[in-house]
Amino acid sequence: MNFLESFRESLANLNRHKLRTILTMLGMIFGVGAVIAMLSIGAGGEREALEMISRLGLDNVIIRAKQIEPEMRDEIRKNSLGVSMRDAEAISQALEEVSGVLPRVGVETWRIGSENGRAQGKVFGVSWRQPETSTVDLAAGRFIDRRDEESHAQVAVVGAEIARDLFGDAPPVGKLVKVNDIWFQVIGVLAPPAGTSEEIEGVAIASPSREILIPASTALRKFARDPLEAPVDEIIVRLEPGSSATRAAAAMQPLISRLHGGVDDFEIVVPEALLEQSRSTQRIFNIVMGSIAGISLLVGGIGIMNIMLATVLERTREIGVRRAIGATRKDIQRQFVIESFSISLLGGLTGILAGIIIAQLVAASAGWPTVITPASILLSTGVSISVGVISGIYPANRAAKLDPIEALRYE
């Protein structure tokens, strides 16, 4: 018989023992499903990390002001002004690879409201050039432009959740929002982020859903700021394409430390390094979880070998008849290997469906992002089929080595 005839024959044999076949396939189904589900969770986490870090900008270095205990501020401010535009000017002059320095100024707010209601959130003054350095997705309207910043315009780009709280289902663009005692006209709405996490590798990444962005010049001119606070919350240092963010950060550390009188009141965040750390963590997760899931495939392979050995014993007389009418040892061996292959193939295909369902259930119930990748499907199916075929080789060889005369006498 050729391959197709042998395959059809193996399916017929499996169909005659439906319950046994299904029980044998369970190991493969669980194994393939677990591998696909685990890898999809890992791929989803990696994609979410990339989207989060893209908000910071992979080619940037970010200098952030640290939170200082109130009782320590007086002493610290004697030696350090805190993160300020003085740091930005020094970095621009000292490092050739710097192409731009943008401030991000926090506004102390006690009220965010509109004519329709109130909302909770944070207000930041940002540069009109922010879209050049990091991802800014808009659901409606436009971002702050150069004229807004130069004229200290009272315009705002609001997060999706704040827009919903203040204006309900009505279009927010063109309406007014009040921050403390100052009214701002809404010119744009930020799109909600894809992920739900607000921290990666221990570094906080703000979600735009609860943010209001106004021109940095407006924030500095029209809102009072605690003199003991750092003048600027963070400075985004934009590097020339091809520059190493890690090396640039290493050069900035001693420079800023000298400007701050050796006071540890700032931190340097390198998104490029965060991404690499996240990927390294994700690789370890994939290897560990994939190995655990792979144990199910190994158990499934042992189950196939066990059933195939029992099948050889059960069909000993049939093997003798086939040999007597002209079947070679290779024909017998091929028949049993194809039967083992059929079990693993059916189990693998069913496991793909199970893995997709598990991944969707995890995403829906736990809120974790999942991404089904072709690589995970090919890997898990390929391994399951390989395990099935390898598990069938020994029983097939044992069947092929049976003596025809003894096989015909077997009861």
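## Ground rules

Helices (H or I, at least four residues) and strands (E, at least two) are DSSP runs, numbered from the N terminus. With that in hand, H152 sits in the loop between helix 6 and strand 6 (155-158).

This is a predicted model, where local features need pLDDT of at least 70, side-chain atom pairs count only at pLDDT 80 or more, and totals for chains, interfaces and linings use all residues. Residues are numbered from 1 along each chain as its sequence is written, and side-chain values use heavy atoms, with hydrogens and water left out.

Most residues other than glycine have a negative phi, and most peptide bonds are trans.

N180 is another non-glycine with a positive phi of about 55 degrees. Look for N180 in the loop between strand 7 (176-179) and strand 8 (182-190). Is N180 buried or exposed? With a relative accessible area of 7%, N180 is buried (buried means under 20% relative accessible area, exposed over 50%, partly exposed in between, with a 1.4 Å probe and protein chains only).

## Helix 4 against helix 9

Helix 4 (residues 85-94) packs on helix 9 (residues 245-259) at an angle of about 140 degrees, and their axes are 10 Å apart. Axes here are lines fitted to C-alpha atoms, for helices over the stretch in contact, and angles run from 0 to 180 degrees between N-to-C directions. The two helices are therefore oblique to each other; angles under 35 degrees count as roughly parallel, over 145 as roughly antiparallel, 65 to 115 as roughly perpendicular and the rest as oblique.

The crossing of helix 4 and helix 9 is right-handed. As for the term, a crossing is left-handed if the near helix is turned anticlockwise from the far one by less than a right angle, and right-handed if clockwise. On the helix 4 side you'll find R86, D87, A90, I91 and A94, which meet M252, L255, I256 and L259 of helix 9 (contact means heavy atoms within 4.5 Å). Sorted by class, the residues of this contact are seven nonpolar, no polar and two charged. Ala, Val, Leu, Ile, Met, Phe, Trp, Tyr, Cys and Pro count as nonpolar, Asp, Glu, Lys and Arg as charged, and the others, Gly among them, as polar.

## Helix 10 and its neighbours

Helix 10 (residues 271-314) packs with helix 13 (residues 374-400) at an angle of about 30 degrees, with 9 Å between the axes. That makes the pair roughly parallel. Their crossing is right-handed. From helix 10, the contact residues include L297, G301, I302 and M305, and from helix 13 they include S380, V383, V387 and Y394. The contact of helix 10 with helix 13 has twelve nonpolar, five polar and one charged residues.

S296 is also in helix 10. At 25% relative accessible area, S296 is partly exposed. Leaving aside residues up to four places away in sequence, S296 touches G27, F30 and G31. A251 is 45 residues from S296 along the chain, and their C-alpha atoms are 50 Å apart.

## Salt bridges

How many salt bridges are there? The count comes to eleven, where a salt bridge is a side-chain nitrogen of Lys or Arg within 4 Å of a carboxyl oxygen of Asp or Glu. One of them pairs R104 with E234 at 3.9 Å, N to O. That bridge links distant parts of the chain: R104 is in strand 2 (residues 98-107) and E234 in strand 12 (residues 234-239), 130 residues apart. Both R104 and E234 are buried.

Another bridge joins E132 and R238, with the closest N and O atoms 2.9 Å apart. It also spans distant parts of the chain, from E132 in helix 5 (residues 130-133) to R238 in strand 12, 106 residues apart. E132 is partly exposed at 40% relative accessible area, and R238 is partly exposed at 25%. D145 and R142 form a bridge too, at 3.4 Å, N to O. Bridges with shared partners join R64, R104, E211 and E234 into one network.

## An exposed arginine

R147 lies in helix 6 (residues 146-150). Its relative accessibility is 66%, so R147 counts as exposed. R147 and P215 are 68 residues apart in sequence, and 9.8 Å apart in space, C-alpha to C-alpha.
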